Amino acid sequence: MNQFNYYRIFFTPLSPVHIGTGDSYEPTNYVIEDGGLYEFDTGTAMGILSQQERAELSRITAGQPSSRMVQAIQRFFYDRRSRLLSVAVNRVLVSNGVAALYRDRIGQVAQREARGREILNALEVARTAYNPISRQPTLMGSSLKGAIRTALLDQLNNGRTTPETNGLHPFQGKRDLFRYSQPRLELERDPMRLVHISDASWRGDPESPAAEVFFAANVKKTPVADQK
């Protein structure tokens, strides 16, 4: 006998959502042109290069790895961006500021330290979680469940000062938030153990962008005073 209820839910984000995966776009597998980030497969990109261009790329990558080598590789692909668009596997909109930064810094040194060491523009773009087949963004079920759990804990704590604890589990046991006990964590009493949320795939308007690249803003929930 099935004791679980199943619900089909649609989520409408009220603000941009980024779920980090540790994966990123690298300047050697994307170019930005006409307001879009065009992702291409490096192996496929080799097919549009002439024999002379392949030899040039081999020459660039044959030396000792250095910032100069990375600069040269970035510039190599950027100079051939018009042809790379034809083999792009994905296109993501980018904000005007991101596009301008890319144009100004691709293949350039970001700064030079006092000792002369060059700091290279990595120009990595953090990717949000996505479906590797459709390449559309995905809302991970574990992330959604974590957000719901945090909201429940915040509601149950009712604005009280967070107690000093050595980890999240002791905090959830304080004041009967989620009724954990120590020293053994009674996970069988966790009310969220029975909630399972699957990953949510993109179901938006086909004419609307599913993702866009912006600058990240680090905004504190409460004012933070300088240590001085």
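User: Is Ser95 buried or exposed, and what is its relative accessible area?

Analyst: Ser95 is buried, at a relative accessible area of 15%. Buried means under 20% relative accessible area, exposed over 50%, and partly exposed in between, with a 1.4 Å probe and protein chains only. Keep in mind that this is a predicted model, where local features need pLDDT of at least 70 and side-chain atom pairs count only at pLDDT 80 or more, while totals for chains, interfaces and linings use all residues. Residues are numbered from 1 along each chain as its sequence is written, and side-chain values use heavy atoms, leaving out hydrogens and water.

User: Where does Ser95 lie, and which residues does Ser95 touch?

Analyst: Helices (H or I, at least four residues) and strands (E, at least two) are DSSP runs numbered from the N terminus. Ser95 sits in the loop between S4 and helix H5 (96-105). Contact means heavy atoms within 4.5 Å. Leaving aside residues up to four places away in sequence, Ser95 touches Glu212, Val213 and Phe214.

User: Which strand does S4 (residues 88-94) join, and over how many bridges?

Analyst: Two strands pair if DSSP finds at least two bridges between them. Here, S4 runs antiparallel to S3, with five bridges.

User: What about S2 (residues 30-33) and S3?

Analyst: They pair in the antiparallel sense over four bridges, and Ile32 stands opposite Leu37. Two residues separate the strands of this hairpin, where Asp34 takes a positive phi near 55°.

User: How many residues of S3 (residues 36-40) are buried?

Analyst: Five of its five. Gly36, Tyr38 and Phe40 are buried on one side, and Leu37 and Glu39 on the other.
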